[in-house]
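Trainee: Can we go through this one together? I'd like to start with the surface.

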Amino acid sequence: MAEDLTKKAAEMLLQGATLLSEPCPYCKGVRVMKQGQALCISCGRQPEKKEIPKQDPPKVTTSSIEKILEKKMYDLTKELEQEKDHEKQQNILKTINSLLETMEKAKGKQ
Ligand SMILES: [Zn+2]
């Protein structure tokens, strides 16, 4: 019986299940979790159907792209500030320039 469970658990893990950090509430056994269902390897109970709140995948909106670009811009500015090497400064400036272009395009789409 226990062997079957171990097998099943191994199969589940192969199919992308994950080990749960919380032990089984009944026997403190190790549990695996797949598609919101936790299976205890020791006693085989599935005490809870963990409803994984369905979250919409984060939408990549123009504004989030802008935020990323702004962050990059900030990083680059800092980098530029600290860079002593002129060649590298040029490189950073080039990147900033293309970043600005991308930002303009992103804004234009709204
Ligand atoms: Zn258990």
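Trainee: What does the accessible surface of the protein chain come to?
Mentor: About 8800 Å², of which 53% belongs to carbon and sulfur atoms. Accessible areas come from the Shrake-Rupley method with a 1.4 Å probe, and for residues only the protein chains shown count as cover. This is a predicted model, where local features need pLDDT of at least 70 and side-chain atom pairs count only at pLDDT 80 or more, while totals for chains, interfaces and linings use all residues. Residues are numbered from 1 along each chain as its sequence is written, and side-chain values use heavy atoms, with hydrogens and water left out.

Trainee: How much of the protein chain is buried?
Mentor: Buried residues make up 22% of its 110 residues. Buried means under 20% relative accessible area, exposed over 50%, and partly exposed in between (1.4 Å probe, protein chains only).

Trainee: In what order do the elements run?
Mentor: From the N terminus on, α-β-β-β-α-α, with three helices and three strands in the protein chain. Both are DSSP runs numbered from the N terminus: helices are H or I with at least four residues, strands E with at least two.

Trainee: How many bridges join strand 1 to strand 2?
Mentor: Two, between residues 18-19 and residues 31-34, and these strands run antiparallel. Leucine 19 has valine 32 as its bridge partner in strand 2. Two strands pair if DSSP finds at least two bridges between them.

Trainee: And how many join strand 2 to strand 3?
Mentor: Four, again antiparallel, with strand 3 at residues 37-40. Lysine 34 stands opposite glutamine 37 there.

Trainee: Where is lysine 28?
Mentor: In the loop between strand 1 and strand 2. Phi of lysine 28 is also positive, near 65°, and the residue is exposed at 63% relative accessibility.

Trainee: Which residue lies over the face of tyrosine 26?
Mentor: Arginine 45, at 4.0 Å from the ring centre. The rule wants NZ of Lys or CZ of Arg within 6 Å of the ring centre and within 35 degrees of the ring normal.
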